[in-house]
Number of protein chains: 4
Amino acid sequence: TLQHIFKEIFKANLELQEDDHRKALLVSRKKKPDNTIVMVKGEAIGDGSQRFIAGPCAVESYEQVAEVAKVVKQQGIKLLRGGAYKPRTSPYDFQGLGLEGLKILKQAADEYDLAVISEIVTPGDIETALDYVDVIQIGARNMQNFELLKAAGSVNKPVLLKRGLAATIDEFINAAEYIMSKGNGQIILCERGIRTYERATRNTLDISAVPILKKETHLPVLVDVTHSTGRRDLLLPTAKAALAIGADGVMAEVHPDPAVALSDSAQQMNIPQFNEFMSKLKPLCNRNL
Amino acid sequence: TLQHIFKEIFKANLELQEDDHRKALLVSRKKKPDNTIVMVKGEAIGDGSQRFIAGPCAVESYEQVAEVAKVVKQQGIKLLRGGAYKPRTSPYDFQGLGLEGLKILKQAADEYDLAVISEIVTPGDIETALDYVDVIQIGARNMQNFELLKAAGSVNKPVLLKRGLAATIDEFINAAEYIMSKGNGQIILCERGIRTYERATRNTLDISAVPILKKETHLPVLVDVTHSTGRRDLLLPTAKAALAIGADGVMAEVHPDPAVALSDSAQQMNIPQFNEFMSKLKPLCNRNL
Amino acid sequence: TLQHIFKEIFKANLELQEDDHRKALLVSRKKKPDNTIVMVKGEAIGDGSQRFIAGPCAVESYEQVAEVAKVVKQQGIKLLRGGAYKPRTSPYDFQGLGLEGLKILKQAADEYDLAVISEIVTPGDIETALDYVDVIQIGARNMQNFELLKAAGSVNKPVLLKRGLAATIDEFINAAEYIMSKGNGQIILCERGIRTYERATRNTLDISAVPILKKETHLPVLVDVTHSTGRRDLLLPTAKAALAIGADGVMAEVHPDPAVALSDSAQQMNIPQFNEFMSKLKPLCNRNL
Amino acid sequence: TLQHIFKEIFKANLELQEDDHRKALLVSRKKKPDNTIVMVKGEAIGDGSQRFIAGPCAVESYEQVAEVAKVVKQQGIKLLRGGAYKPRTSPYDFQGLGLEGLKILKQAADEYDLAVISEIVTPGDIETALDYVDVIQIGARNMQNFELLKAAGSVNKPVLLKRGLAATIDEFINAAEYIMSKGNGQIILCERGIRTYERATRNTLDISAVPILKKETHLPVLVDVTHSTGRRDLLLPTAKAALAIGADGVMAEVHPDPAVALSDSAQQMNIPQFNEFMSKLKPLCNRNL
């Protein structure tokens with residue numbers, strides 16, 4: 001019984017300490033109860049409306065990006081994604097067009113008045129990227145590339161941070177803290193599936209991470225349905241789940257001709273598929289919140 | 001190029017063979033394109049309407065079950081769950097009331113005209129259970145207890161089969177096939193989270209499994225939000241996701257006083273919480289299908 | 001600082017309680033500091049000498065088993081394994097010869113004065129098996145088939161308990177406790193690989209589990225190199241690691257003609273491979289302890 | 001039967017193609033059958049002798065490093081490790097002394113004629129590091145920081161590449177290929193445990209990775225027993241397993257006073273523990289190869 005009393009005292013004490021620690025994080029909802037709204041070229045991410053981000057996996061040519069940008073615009077989407085620097089498992093796979101890719105993205109986006117989201121993979125490229133992108137994406141493989149996080153935290157530009165391949169939610173939150181601790185609080189979190197034993201999907205979409213991240217932090221949370229599933233036939237159902245569980249938006253990949261895409265051909269939608277995807281999802285937005 | 005031709009021929013060939021193999025499974029949608037509808041005391045599971053299953057983790061007393069049964073009935077739910085045989089990690093944890101528990105469940109269910117779902121853990125108890133339960137549950141730890149699957153397949157009673165702790169979707173489908181191959185096709189599948197490295201939740205809810213199972217099999221698919229998350233605060237958001245992605249129903253645990261529950265106290269709802277849970281979910285049913 | 005004092009008090013307290021809980025387990029080394037030695041037909045398992053268990057994955061015919069028994073005997077091994085009841089993912093895979101298989105095993109073992117180890121998968125078969133086997137094996141898929149554990153705990157016969165496909169070490173220890181709590185302390189633990197994301201091997205051999213199990217319990221610990229790796233080329237190196245880390249023995253599969261084996265053909269050794277395997281390992285036994 | 005013939009043709013064909021692909025990798029043993037031997041200040045890594053690398057987790061002061069360097073030297077070890085740039089989950093944890101740490105390492109190493117191994121975390125620091133370190137370490141979190149890999153591949157300095165937290169063996173091999181494709185073939189691979197569901201150890205040591213990496217590549221393979229287990233009591237047994245399975249060396253952490261270490265205090269040995277560790281392991285080196 002004495003032990004029991006000690007135990008209860010200690011439990012309370014421990015919880016208090018953990019609370020304190022989390023409260024100390026700048027990204028924590030305990031530090032700032034109100035939602036952070038990230039403004040991207042006039043579009044508010046995290047304001048209660050559910051948004052979409054779409055575009056090809058990799059930038060391959062101006063024509064390819066422009067074709068996608070046109071349909072993205074037609075669907076009323078503001079945010080165009082595209083990979084210029086591609087982190088690939090093998091050094092002999094297509095590595096992206098680099099700066100040339102960023103220029104193509106910007107050209108196509110300007111034409112259709114869209115905002116550009118693109119991944120940057122090395123601290124030295126952050127400065128250059130500022131001229132071309134509206135949101136700096138930090139990819140799953142770089143979620144704990146702390147020098148990159150610090151560099152992204154030192155500029156005045158929104159950052160979309162993807163969860164690492166096998167990162168815990170706690171590590172994900174701390175990675176965001178690296179960015180915010182350098183002064184940049186315009187952070188969008190993105191759940192993109194985690195690595196598990198299951199092989200039916202490319203990764204396992206951890207849908208529960210969305211409400212946990214919304215509860216623990218004040219940052220907007222998106223779901224990347226393309227990389228989490230790796231299967232075109234699962235994009236629509238998982239996007240429905242993401243909207244229903246309260247994600248601030250959905251990211252998906254679309255390519256004019258996925259069969260000849262230079263990367264990830266099995267999981268991108270073609271344009272008619274994308275139009276159908278959007279027509280099914282739009283009526284579901286902002287209904288469950 | 002000769003190699004390339006061979007390759008294409010062979011790919012087609014391999015896919016054909018895999019298709020053949022899956023077509024051969026009795027639970028496969030290729031074998032039977034139409035949805036299986038499992039009738040439980042007049043309630044149709046898998047007919048396009050989304051259903052709920054609720055009840056305490058473990059049967060503890062008649063009073064406890066009756067109190068839950070009453071509110072389950074009030075919420076318009078037909079299916080009452082409760083554990084009489086509890087598979088527990090430690091032999092010194094509460095192991096359930098056994099046959100006495102089944103009798104309590106039946107008494108309370110009869111009083112409120114509900115159907116009973118309860119887990120059976122050994123082949124020898126299947127026959128006895130037929131007098132007390134409307135649905136035989138086979139739990140996660142027994143998903144590959146093949147003798148139990150065969151025994152459940154040999155009786156004329158619906159079976160709710162839970163996915164194993166770390167079972168692949170393919171193993172899950174084959175476990176269902178064990179039941180159906182013995183003659184019993186009244187099978188309901190239940191996704192209940194898988195074991196991963198993530199520690200923020202008890203298990204990781206594999207929400208993508210729902211559309212995959214619906215596509216690969218003709219069986220109804222439920223989501224157990226309680227065991228997949230292990231967190232009371234995630235029951236509502238994950239249930240929304242389950243309904244949105246097209247699950248045929250949601251299973252959740254409710255207890256008159258979770259704090260004193262003999263098992264899983266941290267994840268059960270009390271009665272007011274359950275009423276609020278239902279009031280939020282009912283308007284979302286059958287909207288996205 | 002007051003908080004800090006409380007914290008230190010509480011840490012000590014918590015550790016004390018956890019210690020108490022573990023001490024309470026019958027399988028715990030805290031309960032019984034001395035090693036348990038399991039006697040199998042005159043062979044001592046866990047006495048400090050490192051032993052081998054070998055035999056085919058599945059019993060297919062008397063000739064097949066006898067051929068293996070002969071070479072097992074020649075290698076100075078006492079323990080012959082073979083599967084009569086085979087838990088298989090698909091109901092249409094070879095399910096084993098059942099009782100007929102046990103009879104074949106016993107006949108061949110008697111001829112060469114060997115002890116028989118074979119898996120039993122359902123409580124009802126334990127009694128019958130007592131006439132044919134010297135060690136009851138409980139397989140990975142049944143590690144939490146608690147009724148089977150209790151049945152094996154109620155007889156006077158050694159039990160080899162395999163770690164579950166995705167069981168934690170803590171769950172593994174508690175599964176052994178189910179057996180011992182029923183009165184049977186002749187338990188041999190067997191690490192056989194765990195399910196992870198890595199696909200280069202069938203499972204991931206958790207070699208660290210061996211010293212942890214030796215430290216936490218007083219039971220002998222074996223390593224099944226066949227199922228943990230699923231690759232014939234890894235049997236020898238992983239067996240070396242198992243011996244070096246202090247396992248009480250190594251289990252491996254050998255088949256007269258693996259290419260035509262009815263199960264697991266890719267991972268069994270043929271007889272010359274097995275002879276080479278043994279000739280490389282014997283000089284390494286009992287050297288590092 | 002026609003199908004069967006096609007199938008056999010195709011299988012052979014597929015295997016041929018996969019072989020071709022692997023043969024193409026510069027790190028593949030198919031490309032270069034002989035072992036690569038990496039020379040570090042006169043010490044040959046991968047020449048058949050088993051080596052040790054030891055030192056503190058993080059460089060904290062000259063006195064701390066010098067004290068460890070002295071004992072490392074006494075044990076006949078040539079390679080001193082120490083972290084100057086520390087990738088930490090939280091931005092508020094000790095981040096290492098940076099360049100100052102490299103200088104301390106070099107000073108202590110010079111005094112005892114040791115070689116220095118230290119982690120570099122950003123491409124921009126590679127050039128500077130060349131003046132201080134004998135081996136550039138690329139840590140687990142940066143295994144797919146491809147810009148860092150390319151930078152390390154562009155200098156003439158040995159690289160120790162650690163396996164990523166949840167990297168497959170295939171991804172690990174391809175990460176090494178990034179380095180070698182830039183011209184630097186002096187690569188040492190290091191297995192350091194993978195992330196799994198098991199919580200008894202910090203990570204799960206994938207001991208099977210050692211023979212697989214030795215078979216698939218011509219590079220030396222070490223085992224980091226400290227980070228794979230995260231437990232001081234497992235360092236000795238897992239090091240024995242690493243030596244027995246044929247690792248080219250073992251890496252372990254030692255600190256004059258682990259209790260006050262600024263990072264990873266629970267897993268570092270103190271000096272007497274390290275001396276005992278070495279006295280147990282030295283007789284086991286080079287015996288099983």
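In the predicted model, both faces of strand 8 of chain C are covered, with C:Ile187, C:Leu189 and C:Glu191 buried on one side and C:Ile188 and C:Cys190 buried on the other. Since 5 of the 5 residues of this strand (residues 187-191) are buried, strand 8 of chain C is largely enclosed by the rest of the structure. Strand 8 of chain C pairs in the parallel sense with strand 7 (residues 159-162) of chain C, over 4 bridges. Within this pairing, C:Leu160 has C:Ile188 as its bridge partner.

A right-handed β-α-β unit is made by strand 8, helix 7 (residues 209-216) and strand 9 of chain C.

The connecting helix 6 of chain C spans residues 169-180 and has 12 residues. From its first C-alpha to its last, helix 6 of chain C reaches 17 Å, close to the 16 Å expected at 1.5 Å a residue. Of its 12 residues, 11 are buried, so helix 6 of chain C is largely enclosed by the rest of the structure. The buried residues include C:Ile169, C:Phe172, C:Ile173, C:Tyr178, C:Ile179 and C:Met180, and among them are also C:Glu171, C:Asn174 and C:Glu177.

Beyond its neighbours within four places in sequence, D:Tyr197 is in contact with B:Arg195, B:Thr196 and B:Tyr197 of chain B, and with residues of chain C including C:Arg163, C:Leu165, C:Thr168 and C:Ile194. C:Ala166 is also one of the contacts of D:Tyr197, and the backbone oxygen of C:Ala166 lies 3.4 Å from a polar atom of the D:Tyr197 side chain. The C-alpha atoms of D:Tyr197 and D:Ser228 are separated by 14 Å, with the two residues 31 residues apart along the chain.

B:Gln144 is placed in the loop between strand 6 (135-138) and helix 5 (146-153) of chain B. Not counting residues up to four places away in sequence, B:Gln144 touches B:Glu171 in chain B and C:Thr89, C:Arg141 and C:Leu165 in chain C.

In chain A, the loop between helix 7 (209-216) and strand 9 (221-224) contains A:His218. Excluding residues up to four places away in sequence, A:His218 touches A:Leu26, A:Val27, A:Ser28, A:Arg29, A:Lys32, A:Asp34, A:Asn35, A:Thr36 and A:Met180.

Chain B is superposed on chain A by a rotation of 180° with 0.0 Å of shift along its axis, at an RMSD of 0.0 Å. This is the relation of a two-fold axis. B:Ala241 comes closest to the rotation axis of the residues of chain B, its C-alpha being at 2.1 Å. The same surface serves both copies, as 100% of the contact residues of chain B recur in chain A.

Notes:
Residues numbered from 1 in each chain as written. Chains lettered and ligands numbered in written order. Predicted model: local features only at pLDDT ≥ 70, side-chain atom pairs only at ≥ 80, totals over all residues. Heavy atoms only, no water. Helix = DSSP H or I, 4+ residues; strand = E, 2+ residues; numbered from the N terminus. Expected span 1.5 Å × (residues − 1). Buried < 20%, exposed > 50% of the residue type's maximum accessible area, 1.4 Å probe, protein only. Contact = heavy atoms within 4.5 Å. Polar contact = N/O pair within 3.5 Å; in protein donor to acceptor, adjacent residues only side chain to side chain. Pairing = 2+ DSSP bridges. Right-handed = clockwise from strand over helix to strand, strands pointing away. Least-squares fit on C-alpha atoms with pLDDT ≥ 70 in both.
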